[in-house]
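Subject: The two-chain model, with notes

Hi there,

Here is the structure I promised to pass on. Have a look at it first, and then read my notes below with the picture open beside you.

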Amino acid sequence: MRTVAPGVDSYAEAYRVHRAFDYILVFIFITLLTGIHHLHAMLSVGDWTFWTDWKDRRWWLFVIPLSSLVFPVVGQYILWQHCRVPFGATLMVVCLLLGQWIDRVNNFAGWVYYPLNFVWPGTLLPSAIILDLVLMFTNSYVLTAVLGAWSWGILFYPSQWYMLGAFHLPVDYHGVLMSIADVQGFEYIRTGTPEYIRIIEKGTLRTFGQDVTPVSAFFCAFACILVYFVFNQFAKLVASVKFIKGRI
Amino acid sequence: MSATTQAVAQYQADQAKPILTSFKGIINGAHWLFGVAFITLMYVAVRIYEQVFAWTKGLDSFSMEFQTYWMSLFYAEVAVGAIAAFGIWGYLWKTRDRHLDQLEPMEEIRRHFKLLVWLACYTYAVYWAARYFAEQDGAWHQTVIRDSDFTPSHIILFYLSFPVYIILGIGSWLYARTRLPQFAEGISLPHTIAVVGPFLILPNVGLNEWGHTFWFMEELFSAPLHWGFVTLSWTGLALGGLMLQLMYRLIQLTNFEAEDITNEPMPHHHNMVD
């Protein structure tokens, strides 16, 4: 084991080193998390974030909160467990939103010319704030999983309503009753359109009428509890500070 | 008692000093700025190229202009990427420090920040690849039916933006391994995961393209064929563990009240109720 003297000899020097570390750390975290969280979201549940007509009342409010919980759980663990920073989940969601908005404006609207009001992403900020608050006040991952992750799932749909409401207004389209979101979808035929017809608004839950939305949200909230526990354990692996002795 | 009084006096004297005047001597901001500016300028140029030539020359891979404007770019990317990779990695290995046991603590602090600059460039390259060009690929393929594995968006995403972050990621690993004592004595588990995992996204392109030869997967961007990318994106989170390793070592190296410093075990919090 190597023994050396300290690299600095005063509080001021130590302070400068720590502040320099903080600044570059913020840059690294924001760029990294914006990148990989966005990749995770777009390839696991991207279709539901891309298009207004995919923002349905059964799959959308189930798959988006469920998949999008993975990174906030890990962010919470790393920042809270090791640094006592209480906004890990919110940071993850802000990074995701930043990436999504830059790309929708620049590429979906700027390169392949869809209107922005057809390709806007939802928001998870209210859910993330609640998740962080529960961990901060309870200091317990178990309670955060049960109360926080459950709230994360259940709050998703109400969080979107002020953005989505206008697109659910009814329209008489050539004698067929449709929503504005549906009209947008049929106006812009995409390679995803066949899957839209196969997946969206299908199934026996239609017979439940207005109950579909709360049932889906309630099931999602339950599933989020399980996701929280699983990825809380995964976070322990990626937050490992181990050095493996030996050669490659 | 007098020692405590002396320490308090020293602390107060240090507090009175202007402490945020400069980070000079700790971190080389010019390297950081150069790396970020280089990546930004390169990708802005690429984005303009896409805007001009994707719709006009990139729709039919059997056409002559596709070969000229897009396949030529692909061959150039592969050639330059290979040269840059082996040049940079070879340089880092060739110029490795063979006397790490004699490394001065202040120099070790500076090298930690050089590693952080490598990592900042790495994550910035990941940001462009995983966020910008990956979703752009989704936008393109939801709009234009592909007739080749080498579509305009793939030529940028897979064969330019992926190699760039791989070169920087492996570069950061080699830098740490050859210039920092802790990383030379043992292999950092989180650093290795955070570099190898995102690197494997490039080989996973093989699976992706193989799957696309069977069916038009762009009908569903979140199709299971794409979940290999999803799982590998999780490995980037291991940079959190690496940052903790660096943070704990810097805390040790800046503990100016200590007589001497060893590679002590990392601190760990046990006050959770879980």
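Helices (H or I, at least four residues) and strands (E, at least two) are DSSP runs, numbered from the N terminus. Read that way, chain B goes α-α-α-α-α-α-β-α-α-α from its N terminus on, which comes to nine helices and one strand.

A word on the ground rules. This is a predicted model, in which local features need pLDDT of at least 70, side-chain atom pairs count only at pLDDT 80 or more, and totals for chains, interfaces and linings use all residues. Residues are numbered from 1 along each chain as its sequence is written, chains are lettered from A and ligands numbered from 1 in the order in which they are written, and side-chain values use heavy atoms, with hydrogens and water left out.

**Chain B as a whole**

Chain B has 274 residues, and 55% of them are buried (buried means under 20% relative accessible area, exposed over 50%, partly exposed in between, with a 1.4 Å probe and protein chains only). Contact here means heavy atoms within 4.5 Å. Among the contacts in chain B with a separation of 6 or more, 76% are between residues 24 or more positions apart.

**Where the chains meet**

The rule finds 29 residue pairs in polar contact across the interface of chain B and chain A, both residues at pLDDT 80 or more. A polar contact is a pair of N or O atoms within 3.5 Å; within protein, one must be able to donate a hydrogen and the other to accept it, and residues adjacent in sequence count only if both atoms are side-chain atoms.

Two strands pair if DSSP finds at least two bridges between them. In this pairing, K245(A) stands opposite G186(B).

**Salt bridges**

A salt bridge is a side-chain nitrogen of Lys or Arg within 4 Å of a carboxyl oxygen of Asp or Glu. Over all chains the structure holds seven salt bridges, and the rule finds one across the interface of chain B and chain A. Which residues form it? R104(A) and E135(B) do, at 2.5 Å from N to O. The pair runs from E135(B) in helix 4 of chain B to R104(A) in helix 4 (residues 88-109) of chain A, and both residues are buried.

Within chain B, D97(B) and R111(B) form a salt bridge whose closest N and O atoms are 2.8 Å apart. D97(B) is in the loop between helix 3 (64-94) and helix 4 of chain B and R111(B) is in helix 4, so this pair ties together parts 14 residues apart in sequence. R111(B) counts as buried because its relative accessibility is 13%. R110(B) and E107(B) form another salt bridge, at 3.3 Å; both lie in helix 4 of chain B, three residues apart, about one turn of the helix. R110(B) is partly exposed at 32%, and E107(B) is partly exposed at 23%. D97(B), E107(B), R110(B) and R111(B) are linked in a network of salt bridges.

**A hairpin in chain A**

Strand 1 (residues 170-173) and strand 2 (residues 176-179) of chain A run antiparallel, joined by four bridges. Y173(A) stands opposite V176(A), and D172(A) stands opposite L177(A). The two strands form a hairpin with two residues between them, and H174(A) in the turn has a positive phi of about 50°.

Best wishes
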